[in-house]
Amino acid sequence: MSQTLTASTLLAVPLAPLAGALLAGVLGTAFGGNLIGRRASHSLTILGVFVAFILSAMTLKSVVLDGARFNETLYTWMVVGGLRMEVGFLIDGLTAMMMCVVTFVSLMVHIYTIGYMEEDDGYNRFFAYISLFTFSMLMLVMSNNMLQLFFGWEAVGLVSYLLIGFWFNRPTAIFANMKAFLVNRVGDFGFILGIGLIAAYAGTLNYAEAFAKADDLSKLAFPGTDWMLVTVVCICLFIGAMGKSAQFPLHVWLPDSMEGPTPISALIHAATMVTAGIFMVARMSPLFELSETALNFVMVIGAITALFMGFLGIIQNDIKRVVAYSTLSQLGYMTVALGASAYSVAVFHLMTHAFFKALLFLAAGSVIMGVHHNQDIRWMGGLRKYMPITWITSLLGSLALIGTPLFSGFYSKDSIIEAVHESHLPGAGFASFAVLAGVFVTAFYSFRLYFLVFHGKERFDQNPDAHHDDHHHDDHGHHGDGKPHESPWVVTLPLVLLAIPSVVLGFLTIEPMLYGEFFKGAIFVDHEKHGAMEELAHAFHGPLQMAIHALTTAPFILALAGVLTAYYMYMVNPALPAAIKRACQPIYTLLENKYYLDWFNENVLARGARGLGTGLWQIGDRAIIDGAVVNGSWKIVGWISGAVRWVQTGFIYHYALAMIVGIFVLMTYFVWLNK
């Protein structure tokens, strides 16, 4: 174990944002008497996240260049039997990469928030929340045991609840954060069952100790069935990932979470929290590799999410919701890669996606500011000349998203498509079709948004809601009339800094991350059973050659077709979308109602659960427990006591008569018995 990584240095990474969150959240709010102002609050929280980023970058350098590793327990909370509950850190390539992604994106969001939330009354509270989120996410990715993993898992969910409902006076925001909370509880129930099964059968919550017993677990059957125990464990763990990483059908919370301020859309719902499930499955790769059933389940769920959530992005008119459905689709791509045992590719796409999707969300917020809190892309257009920095960074982010050769998203997205193509699992055929079709869909809705916002006729002065305070708008305090305007430097600087890795990061890192030893010891793949990564390694001849070769492949052609189709429909022949909508009204209605999943959840699941609860209350509680057990027992006791009271008269001659009758009965019985 390298001496370059020390416990005190690593401990400072999560504690620095926590300190900033506590100072801003206590001293900067009414709770602590508003002792510090806005400048001090954002300075303290930004300083905490900046310190965490610098230390994370140093950790990554030590891991990559020096081969440093760290796996130690820092604090033992309790020991129950032989089960140890601890706080500890595991630092390897996977953790170091996640630390840098979380802290860098968080730092950009903190800086961006200075401009975006400038006039909001909850300014200090917002900075406290996003710093607290950063602490929670760091504790999650740095953990070396499942107890701490679960703590971070629940903590990011709690802070997400607070941030989605940040504008708590809006009914839509309250509904959205409650929806996110409840849907994630469904996933978390499966997650804790998986952790519980590991604790029960492996006798440990420590990663390394549990993985060392993986072969023994693979020989066990789930009690009462012929299912493999490890299959049940992995599916339970993945159900947790389905909730946190918004996979079908537990995805329904993420689009509604756009009710929160745009900075948290970038931080939580693009770059960090929603990727926690992807990270967790990659970390648990030694277990998932033992169950092809679980891997196939993961792949099919990811394929459904990647394709069908992309379809929903086509019809959205809210600029943030288009990007939100794009996030759902890209999370599906990552999940498909996990199912193909291409864990490193999934995590690679997690990293590249974090930068360009955070860029797109923050650019969307910049557009909202520039057009005076309008979010409807139908009432934008021609913003390119008014917002040049937002325009060019948005274009770079969109090109990365659709997988343009040489951009970062190309290397990770194409690698996923190739990995699925090389997989031999039963669901690989459908998954391969889904990720290929998703390329066209992604390109179409991404450039539909791009063309409607930045090109074409200026429509921002035709917005019928321009002079109304619509609660659906992302009302961050920037009001006013007039022409659109470029955002201040605290908003545009993060856009530029996020655009740089969105362009070059994939080219620079694909070789060490996918075909080198970057994830050595962190990710395990059984190459004999699952040879997708071996096939990709044989076909890889460098990032430049990969980009050149891609110009003749189906993904590039489909992406180009998607861009050209969007250009024709929204720039050349803008009447065509309305004509298609009229011709395909049933399909449009299906998409507009989001496959009726919300209706099903509210009218079938929720009402069914309420009906079940009412039935249990009426029959189980009132009729059986209260009526039969409680009331019935005292009635029986009362009846018996009444009968006994009737024979207890208090007269001696009654008792003497009873004794004589009793003796007579006994004598008669014994005489009859001796005959």
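1. Residues 77-127 form a span whose end C-alpha atoms lie 30 Å apart in this predicted model. The span is 57% helix and 25% strand. UniProt lists these residues, in an unreviewed entry, as "domain: NADH-Ubiquinone oxidoreductase (complex I) chain 5 N-terminal".

2. Strand β1 (residues 70-80) and strand β2 (residues 83-91) are paired in the antiparallel sense, with nine bridges. Within this pairing, Glu72 stands opposite Phe89 of β2. Two residues separate the strands of the hairpin, and Gly81 there adopts a positive phi near 65°.

3. Helix α3 covers residues 93-116. At its start, the backbone nitrogen of Leu94 has a side-chain oxygen of Asp92 within 3.2 Å. The end C-alpha atoms of α3 are 34 Å apart, which agrees with the 34 Å that its 24 residues should span at 1.5 Å a residue.

4. Of its 24 residues, 23 are buried, so the helix is largely enclosed by the rest of the structure.

5. Gly194 belongs to helix α6 (residues 171-202). Gly194 counts as buried because its relative accessibility is 0%, where the cut-off for buried is under 20%.

6. Leaving aside residues up to four places away in sequence, Gly194 touches Val233, Cys236 and Leu237. The C-alpha atoms of Gly194 and Phe238 are separated by 8.7 Å, although these residues are 44 residues apart along the chain.

Technical notes:
Residues are numbered from 1 along each chain as its sequence is written. This is a predicted model: local features need pLDDT of at least 70, side-chain atom pairs count only at pLDDT 80 or more; totals for chains, interfaces and linings use all residues. Side-chain values use heavy atoms; hydrogens and water are left out. UniProt positions are given in the numbering used here, feature names are shortened, and annotations may be inferred rather than shown by experiment. Helices (H or I, at least four residues) and strands (E, at least two) are DSSP runs, numbered from the N terminus. The expected span of a helix is 1.5 Å times one less than its number of residues. Buried means under 20% relative accessible area, exposed over 50%, partly exposed in between (1.4 Å probe, protein chains only). A polar contact is a pair of N or O atoms within 3.5 Å; within protein, one must be able to donate a hydrogen and the other to accept it, and residues adjacent in sequence count only if both atoms are side-chain atoms. Contact means heavy atoms within 4.5 Å. Two strands pair if DSSP finds at least two bridges between them.
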